[in-house]
Amino acid sequence: MTKAAVARARNRPCDAKIRLLALAMFGLIAAGVIHSFAISPRTGGASLHPLSAFGYFVLAARFARYCGADRWTPSWAGIHAVVLAYAVQRLCEAFVPGWPVLVTHPALLNLKAQIGFSAGFSVETALGLAFLHLAFLVEGLGRRASVLALIAAGGVATLDLLQAVFGMVLWHKELSVFSLGCLLAATLGVAYRLRAEDLIRPLFARGLQAMMLRALFAAALMIPWIAGYLYFRVADIDQTAHYALEFAFGLIGWLMLVLVMVAGHFMERARQSMKRAAERDFLTGALNRQGFFAATEELAGPRGVILFDIDRFKLHNDLLGHDEGDRLLCDVVTAARKALGPGDVLARWGGEEFVAVVPARDEGALRDRAERLRRAIEGIEPRLAGNRALPVCASFGIEMAGEGATGLSDAISLADEALYAAKAHGRNRVCTRDDIVRPHGANMALGPGDAPDLGQTGS
């Protein structure tokens with residue numbers, strides 16, 4: 001994936017898919033809160049604790065406003081830090097002997113009983129919230145850190161889902177179906193936000209390879225669970241061994257998921273390398289024709305075609321040799337890339353001829369872009385053939401492009417005619433369709449000192 005494509009994936013407008021996920025989370029949170037006050041006091045079943053509900057609500061709010069403007073900010077970082085702080089506090093209360101008790105303080109538990117709800121802030125929920133909010137909190141340090149936090153959160157979600165499959169709960173038996181649903185949805189949402197990153201991108205890609213990878217991902221998730229479930233159905237083991245084996249099967253499943261993600265990453269890199277080899281000119285690194293048409297499919301808005309040809313390239317080859325000619329082609333591509341913008345498309349059209357597609361509102365803006373490109377190529381250091389200096393320059397034909405592939409092809413054809421006009425007019429200049437035909441059938445009006453050189457128009 002190119003840097004421009006990664007930037008588009010990170011900064012695209014608000015996404016309906018992740019907003020739908022946020023809506024589902026809001027529904028689960030509301031149902032969990034209602035269950036906590038209206039149903040749980042009578043049934044005694046696990047429900048959604050207010051601290052859990054707030055932590056998931058913050059995540060759902062981030063998903064709901066997910067768009068190009070949703071960036072790491074001090075205000076959001078402060079909110080995530082608050083959730084992370086009380087989640088870590090809950091974990092320390094559970095696992096660190098002598099740690100000060102705040103979240104599960106007896107006074108708070110009595111108050112909870114007086115209000116009339118029986119929801120608990122489980123260790124599993126605290127662990128999942130800690131990693132999910134950490135994934136947002138460390139975005140300022142780089143998205144790779146967020147990916148690591150996501151992988152840890154995925155491990156927690158895997159173990160918690162395993163509990164639901166086996167019908168058992170580790171540690172305190174406080175995990176509710178509402179918390180589990182929110183945890184799974186939030187993990188998926190964070191993964192969707194990070195889908196442009198190397199380890200995550202293959203899971204959200206399209207095509208047969210991506211489908212096979214997702215099938216492997218599902219198999220890595222289900223096989224250890226099914227095997228463990230069947231083992232527990234037939235084995236006669238005590239409760240302690242049951243907990244240990246449940247954790248072991250869950251850990252195996254999580255490790256298999258990580259291995260599938262790593263394998264998918266290397267498969268994606270191999271696919272991108274093959275795609276690059278198929279769409280790039282092996283000598284200059286510019287796009288070839290196949291890559292050119294693939295790249296221009298994503299372009300929208302007013303655009304123009306710049307077709308240019310290195311002047312007297314055959315003379316360079318004859319006097320300096322083909323190796324030097326190859327170096328000249330590479331130097332021209334390097335100069336062209338510096339003159340073009342990050343959203344422009346550059347391709348080697350054939351031989352010493354190149355084509356660029358650039359955003360341009362009209363022909364005047366397109367001519368300015370072509371002139372900047374012409375000056376960049378003209379600025380390449382001349383080659384020396386003995387005592388003779390061979391300057392580097394190119395002739396340009398430009399044309400505004402219509403919509404779609406047909407409009408682009410028509411523009412290339414007209415730009416090609418304008419390029420031949422530039423050659424006939426004396427080279428090292430930019431021409432348009434207005435320079436192609438003159439009254440009385442004349443090819444062009446030649447300027448003072450210009451002489452047609454039609455014998456080498458392709459050189």
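The largest nonpolar core has 52 residues, and Met 25, Tyr 56, Leu 59, Phe 63, Leu 132, Val 190 and Ile 200 touch the most other members. A nonpolar core here is a set of buried Ala, Val, Leu, Ile, Met, Phe, Trp, Tyr and Cys residues joined through side-chain atoms within 4.5 Å. This is a predicted model, in which local features need pLDDT of at least 70 and side-chain atom pairs count only at pLDDT 80 or more, while totals for chains, interfaces and linings use all residues. Residues are numbered from 1 along each chain as its sequence is written, and side-chain values use heavy atoms, with hydrogens and water left out.

**The core and its helices**

- Two or more residues of this core come from each of α2 (16–43), α3 (50–64), α4 (74–95), α6 (123–137), α7 (143–166), α8, α10 and α11.
- With 8 residues, α8 gives the most to this core.
- A word on the labels: helices (H or I, at least four residues) and strands (E, at least two) are DSSP runs, numbered from the N terminus.

- Helix α8 covers residues 177–193 and includes Gly 181.
- Gly 181 counts as partly exposed because its relative accessibility is 21%; the cut-offs are under 20% relative accessible area for buried, over 50% for exposed, and partly exposed in between (1.4 Å probe, protein chains only).
- From Gly 181 to Met 25 the C-alpha to C-alpha distance is 7.9 Å, although the two are 156 residues apart in sequence.
- Gly 27 belongs to helix α2, and at 38% relative accessibility Gly 27 is partly exposed.
- Gly 27 and Cys 182 are 155 residues apart along the chain, and their C-alpha atoms are separated by 9.6 Å.

**Cysteines**

- Cys 182 has a relative accessible area of 0%, so this residue is buried.
- Cys 393 also counts as buried, at 12% relative accessibility.
- The structure holds 0 disulfides, a disulfide being a pair of cysteine sulfur atoms within 2.5 Å.

**The sheet**

- An open sheet is formed by 5 strands in the order β2-β3-β1-β6-β7, with mixed pairing.
- The edges belong to β2 (345–350) and β7 (430–431); each has a single partner strand, so one side of each is left without a neighbour in the sheet.
- Strands of a sheet pair through backbone hydrogen bonds, either parallel or antiparallel; two strands are taken to pair if DSSP finds at least two bridges between them.
- β2 runs antiparallel to β3 (residues 353–359), joined by 5 bridges, and Ala 347 stands opposite Val 355 in β3.
- Strand β1 (residues 303–310) has 8 of its 8 residues buried, so it is largely enclosed by the rest of the structure.
- Arg 303, Val 305, Leu 307 and Asp 309 point one way from β1, while Gly 304, Ile 306, Phe 308 and Ile 310 point the other way.
- β1 pairs with β3 in the antiparallel sense over 7 bridges, and with β6 (residues 394–401), also antiparallel, over 8 bridges.
- Val 305 has a bridge partner in each of these strands: Val 357 in β3 and Glu 399 in β6.

**Cavity and pocket**

- Rolling a probe the size of a water molecule over the atoms shows where empty space is left.
- On a 1 Å grid over the protein atoms alone, a cavity is a set of points where a 1.4 Å probe fits but cannot get out, and a pocket is an open set with protein on both sides within 12 Å along at least five of seven lines; lining residues have an atom within 4 Å of a point.
- The structure holds 1 cavity of 30 Å³ or more, and about 50 Å³ of space lies in the largest cavity.
- Pro 202, Ala 205, Arg 206 and Gln 209 are among the residues that line the largest cavity, and α11 supplies the largest share of that lining, 4 residues.
- The second largest pocket holds about 580 Å³ of space, where a volume is the space filled by probe spheres set on grid points joined across faces, edges and corners.
- Of the 22 residues lining the second largest pocket, Thr 187, Leu 188, Ala 191, Leu 203 and Phe 217 lie nearest its centre.
- α7 gives the most to the lining of the second largest pocket, with 6 residues.
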